[in-house]
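Please consider the following notes on pockets and aromatic rings while viewing the structure.

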Amino acid sequence: MQVGYARTSTEEQVAGLKAQVRDLEAAGCERIHMEQVSALGERPELENALSFLRAGDTLVITKIDRLARNTRTLGEIVEGLHGRGVGLKVLQFGKDTVDTTGAYGRLMLNMFAAFAEFERDLMKERQKEGIAKAKAELKYKGRKPTARAKAGDAVALFRQGKTVSEVAKVIGIGRGSVYRALEAAGLKETVSNQ
């Protein structure tokens, strides 16, 4: 069985998620797990997909970065899959599709994952340089503090009986930001009793 996994980092990337789902369906995936979360946080749908897979199945993704942000994490996931007799297929691997059930596919995957990680690191360095230059020219304004701006809404929704997860989802901020807003409002004890 081919099981697809689609992920975007934010809820605003609806078109990107739809495009991944379309490609996974076209590749013949019988089941698709999708979520809109950062690769750095918890990914419950990825966990669901991984636990669903059985020997002989294949996990299908559109691109490497949908599955892992670095070669170490990718290696751990691929090793776990192969240890269970599960393959991994990457649909958009340059111009090709790569299937890791063979040695060549695993080699190519590891090489390109290393290049992707290197590219992300370079991008972060360029971003830091750009921010430093903008600050020096007094043009840098920084990111708008959306979580702080929504702290009052978070407290109000929590007081109405919503859980921290529900509050985070409704107003579009992370659970950690909700916890900080509640703690600042003196509701730390109430949260720990939930």
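1. Rings of Phe, Tyr and Trp (its six-membered ring) count as a pair if their centres lie within 6.5 Å; planes under 30 degrees apart are stacked, over 60 edge-to-face, and the rest tilted. A search of the whole structure finds zero aromatic pairs.

2. This is a predicted model, in which local features need pLDDT of at least 70, side-chain atom pairs count only at pLDDT 80 or more, and totals for chains, interfaces and linings use all residues. Residues are numbered from 1 along each chain as its sequence is written, and side-chain values use heavy atoms, with hydrogens and water left out.

3. Arg-31 lies over the face of Phe-52, 3.8 Å from the ring centre. A charge sits over a ring if NZ of Lys or CZ of Arg is within 6 Å of the ring centre and within 35 degrees of the ring normal.

4. Lining residues have an atom within 4 Å of a point.

5. By class, the lining of the largest pocket holds eleven nonpolar (Ala, Val, Leu, Ile, Met, Phe, Trp, Tyr, Cys and Pro), twelve charged (Asp, Glu, Lys and Arg) and ten polar residues (the others, Gly among them).

6. The second largest pocket is lined by 14 residues, and Asp-65, Phe-112, Ala-116, Glu-119 and Arg-120 lie nearest its centre. The lining of the second largest pocket has six nonpolar, two polar and six charged residues.

Definitions and conventions: 1 Å grid on protein atoms, 1.4 Å probe; cavity = no way out; pocket = protein on both sides within 12 Å on 5 of 7 lines; lining within 4 Å.
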